[in-house]
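Colleague: I'd like to learn how to read a model like this one. Could you walk me through it?

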Amino acid sequence: MKLQTLKSIIEKKKNKSEFAIITNLKTGESEIFEKDKPLSKEMEVYSNQINEFFKSKKNGVIENSEIFVETYILPIKVIIVGAVHIAQYLVDFAKSLNFEISIIDPRGYFASEQRFPNMKIINKWPDEAFKEIDTNENSALIALTHDPKIDDPALQHALNKKFYYIGALGSKKTHENRCQRLKEAGFSDKQIDSIHGPIGIKLGGRSAPEIALSIIAQLVSETYKK
Amino acid sequence: MKNSFDEKILEEANDWVTANQKVVLATVIQTWGSSPRQVGSRMIVNEKGDFSGSVSGGCVESAVVRECIGLIKDNKPCKKIEFKVSNESAWEVGLACGGEIAVYLEQVN
């Protein structure tokens, strides 16, 4: 691979674009494929197969050829509501996984840069904060404040936008009350049941990093079910 | 979602090149049977044999490192190698898990 190609791949990953690397295994020559952009003459004959790999987000060698296709997908957006202790560990775990984290917390003391260096923290109420984040059914929400004033509007946004993962921290009792409020707000049982509450898989741990681990494990598991 | 989580190996490769090291990318391009790492998994190797990332569960990495050093020494651009199930001979390189993989080596130049 040419160093120039390597550098443009890294640049494209930074710019959050979806693309594929097409490599001729015989010559070692590779090029970058992007949707609606023309391929080189040499690769043009494989354009149908390349598009197929790209659409299904798969990697592999095109049948009866020496062409390898490697697709790059966008990182998953995870919105954490509550810049609390657990969130600090979630940020650490997310660094080694393909998650792009944004943190929302209207409380100034929590949303400080000192607590979350180099992180995008939106120091606003969820209704305002979500105007700054483009979300869709490929997004995830982790609600950690267990304060209805802050969590509920975020949960409502996530349900309306059909996030593939929605988790909310709090005891069974807290969650029951939360479900009741959402029901009164007009959400269906099916929608409400899609919320993971109490959040996380059962690990048994009670410390902040242990809870963060149980949440991130559940998130990864749900990501592969998509 | 079918693709694996990104492991930032290419970013590391760029760092190594910037530090004036010769770098070979080793990528899993095909698998058969129960192989531990999926297609697209990658490791990088420099001329000294330092490596990062993985193409198996530790079964064939040593052999891949040797092949990569050879590629740099012979100044070849690329090479495809296949690893099959290991047999009785104790020190033969192979996949104890029973899978087969094809790994593609390419120099960054």
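Predicted model: local features only at pLDDT ≥ 70, side-chain atom pairs only at ≥ 80, totals over all residues.

Colleague: At what angle do α4 and α9 of chain A pack?

Modeller: Two packed helices are described by the angle between their axes and the distance between the axes. Here α4(A) (residues 85-95) and α9(A) (residues 208-225) pack at about 55 degrees, with axes 8 Å apart. Axes are lines fitted to C-alpha atoms, for helices over the stretch in contact, and angles run from 0 to 180 degrees between N-to-C directions. Helices (H or I, at least four residues) and strands (E, at least two) are DSSP runs, numbered from the N terminus.

Colleague: What do we call that orientation of α4(A) and α9(A)?

Modeller: The two are therefore oblique; under 35 degrees counts as roughly parallel, over 145 as roughly antiparallel, 65 to 115 as roughly perpendicular and the rest as oblique.

Colleague: Which residues of α4(A) and α9(A) meet?

Modeller: From α4(A) they include Tyr89(A) and Phe93(A), and from α9(A) they include Ile211(A) and Ile215(A). Contact means C-beta atoms, placed from the backbone, within 7 Å. By class, that contact has eleven nonpolar, one polar and no charged residues. Ala, Val, Leu, Ile, Met, Phe, Trp, Tyr, Cys and Pro count as nonpolar, Asp, Glu, Lys and Arg as charged, and the others, Gly among them, as polar.

Colleague: Why is strand β1(A) said to be largely enclosed?

Modeller: Because five of its six residues (19-24) are buried, meaning 20 or more other C-beta atoms lie within 10 Å of a residue's own, with C-beta atoms placed from the backbone.

Colleague: Which strands does β1(A) pair with?

Modeller: Strands pair if DSSP finds at least two bridges between them. β1(A) runs antiparallel to β4(A) over six bridges, and four bridges join β1(A) to antiparallel β2(A). Phe19(A) has Tyr72(A) as its partner in β4(A), and Ile21(A) has Ile32(A) in β2(A).

Colleague: What makes up chain B?

Modeller: Two helices and five strands, running α-β-β-β-α-β-β from the N terminus.

Colleague: How many residues does each chain bring to the contact?

Modeller: Chain B brings 22 and chain A 24. On chain B's side, α1(B) gives the largest share, five residues.

Notes. Residues numbered from 1 in each chain as written. Chains lettered and ligands numbered in written order. Contact = placed C-beta atoms within 7 Å. Buried ≥ 20, exposed ≤ 12 C-beta atoms within 10 Å, placed from the backbone.
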